[in-house]
Amino acid sequence: MSTQTTPERVLLQGSEACVRGALAAGCRFYAGYPITPATEIMELMSRMLPQAGGVFIQMEDEIAGIGATIGGSLGGLKAMTATSGPGFSLMQEHISFAAMAEVPCVIVNVMRGGPSTGLPTRPMQGDVMQARWGAHGDHPILVVAPSSAYEFFDLTVKAFNLAERYRSPVIVLADEIVAHTRESVVLPPLAEIEIEDRVKPTVPPEWYSPYRDPGTGIPPMAAFGEGYRFHVTGLMHDINGFPTQRQDETQELMMRLFNKISKDFHLLQWYDSYYDEGAEITVIAYGSVARSALRAVKMARDKGLPVGLLKLKMLWPFMRRTVMQYLESSRKVIVAEMNMGQLSREVKRVNQGKCEVLTLNKIDGQMITPSEILAKVEEALA
Amino acid sequence: MDDHGSTGILLWTREAHGATILPGGSDRNCQMNRVEIFKGWCKKCGICVAFCPRGVLTTGDDGFPKVSNPDACTGCRWCELRCPDFAIVVQKDEHTDNA
Amino acid sequence: MKQTPQLIHRYLRSSKRFPHVWCPGCGIGILLGALVRAIDEGGYSKDDIMLVSGIGCSGRLPVYLDFNTLHTTHGRALTFATGIKLAKPHLKVIVVMGDGDASSIGGNHLIHSARRNIDITTIIVNNQIYGMTGGQASPTTPFGLATASSPYGHLEHPFDISKLVEAAGAVFVARSTVYHTKALDRVIGQALKKKGFSVVEVMAPCVTHFGKMTGMGSPVDMMRWQKDNAVPFEKAREMSAEELQNKIVTGVLVDIGKPTFHEEHARIWREVK
């Protein structure tokens, strides 16, 4: 593992950047199952984690992969797993468990093309809604989406920070292009990377209630095996972690699960914007599509067209207030994504007639090219 | 029926170690081993009665096990071990053990 | 052996409601006692016991005990337990599952945990039926039995769970019944001491459902059936397959040595660091 003290320029595949980010964030546990196009993450973890003193285990399927990941986290280690669509579908029950039991963990989903086995080596962005709503039961979730190898590094670090801060599963929603593209990345010195660790209890074990709200909405988390004997369950539970069906306790737990994240919505507006000065048209994109979009916007500006780009780095919770600003300042927005319109539904939902929302969708397993976006922009301006 | 509430463990302990339970209505001083039944936890499954090797226990009119033949108890503790509900205990007579 | 009140006081969670959730005469209650006695006999610290369960009647067991306890999802207890064991190797990890939990929805995890030889003691409460959901056929339900989900008789043949985990590589496999409680205490104690993946298959009566479906009757009748049909492993070796039909072979069936996953992983740590 790199221990550089100055910025380091390296040629990295997106998957490698993800692994480096995880290790830099303090990830010391990985459990997973091979699946295209996410296998590189697992292979690299199998080599690098033991060198860092961490635990790597290849499990028998993705259900086991995330199960062990949650176990590793309950045992006190920062833990992650990575997969693609079919495996992500299998993991849903345990994502729900992690949300309910408030177990920090990071799940990387490198999206492939199409439903079912689909196009394993081709990109699409079909899991945006699944990442939000795929797991059963009502619960919040955090989803970030990198568009480059550097962002895959950076957002993986931040995904761990979010997981630890909010005691929540966090999904890194990458696509095949981002995971497989090899590009030059400047990695920051390790000391400059901001790392957050879960808050541990300071009270003596006999005073510890594992799910008591300390006021922040996020209870301190003890690890199993460190002298705090407590109960963790996927059942609705009281502040001591014991099952309950009492209405007041159920309501309190559910509201706390939502509020611990919603109270920080203003901190969770992660985006980059480009050329938004005087932009009549704003292209909204995420993942690898944002790369094409940036090129398209540059081309448009070269032609003197008033076009900007809003690149979303956090998909869920949906950045309503950020998107709203662009809906208010633009005449039209174009949501470009490699699906038949998933995030565009959210944009339309918050739009409420403020401006015209256009969509650019592609579902043939090929990337959306800059010229396709440019054509859509020109059409919108015509 | 006894309290089923969360104070069950405390109740058990108080009754088991206190003088409030007189097993089967017999005279405690005459028996070598004391069989105590905590009705608050007993579900009347009948296992202790059926498998007592010496017929110490019978089923009472209320359905709960009853110590009917205390003198026959050898202190084997099979009733205690097989009770699914931690509702019966054999207090071995130390004096008898040493004899 | 400590007296029950002492064990209750030491190991049951005083904040939990008793009597516990299980039906009158349920074998899981007897197992709960056996497990507590075996842990007490083994001299383990309460802080060092990690008890993990899945879903079903057996899934409700850990919450009553004052250890580190985790109630996971249906069939997946072993996956969570694997993660915890690797993160905290000093923990004595015990997984309690039912027959449906362990060999149906969790069958894959069971065989792979055995193959991997992860250092976990697994207790499988086999009552040959799905109890919590109301008496449907499980992978250990006898052929032909009419259940809530096989009203015309069960069309499938049951697993022999002990043989299954033996074939998959478990280093310690024992079977006992809740009727033979002292033997049950003993084999659980042995399984806890064993390094690697150890399995205790506990035959336990489900009075409410299996008893009803089979017409076996009361808890006492079901316990008596266990008494009459258990055959010690040593004796069973001299019996024909025909004679062993509908018998429960009890005792230690497998006891071998093999490096555990964790020992191998620690070796890799030493080599690559």
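Author: What follows is a walk through one sheet of chain A and the helices that pack on it. This is a predicted model, in which local features need pLDDT of at least 70, side-chain atom pairs count only at pLDDT 80 or more, and totals for chains, interfaces and linings use all residues. Residues are numbered from 1 along each chain as its sequence is written, chains are lettered from A and ligands numbered from 1 in the order in which they are written, and side-chain values use heavy atoms, with hydrogens and water left out.

The sheet is open and has seven strands, in the order β3-β2-β4-β5-β7-β6-β13 of chain A, with mixed pairing; strands (E, at least two residues) and helices (H or I, at least four) are DSSP runs numbered from the N terminus, and two strands pair if DSSP finds at least two bridges between them. Its edge strands, each pairing on one side only, are β3 (55-58) and β13 (314-316) of chain A. On average, neighbouring strands of this sheet are turned by 20° against each other, direction ignored, where axes are lines fitted to C-alpha atoms, for helices over the stretch in contact, and angles run from 0 to 180 degrees between N-to-C directions.

Helix α4 (residues 85-101) of chain A packs on this sheet and touches β4, β5 (105-111) and β7 (169-175) of chain A, contact meaning heavy atoms within 4.5 Å; the direction of α4 makes about 155° with that of β5(A). Helix α6 (residues 149-166) of chain A also packs on the sheet, touching β2, β4, β5, β6 (142-144), β7 and β13 of chain A, and its direction makes about 165° with that of β7(A).
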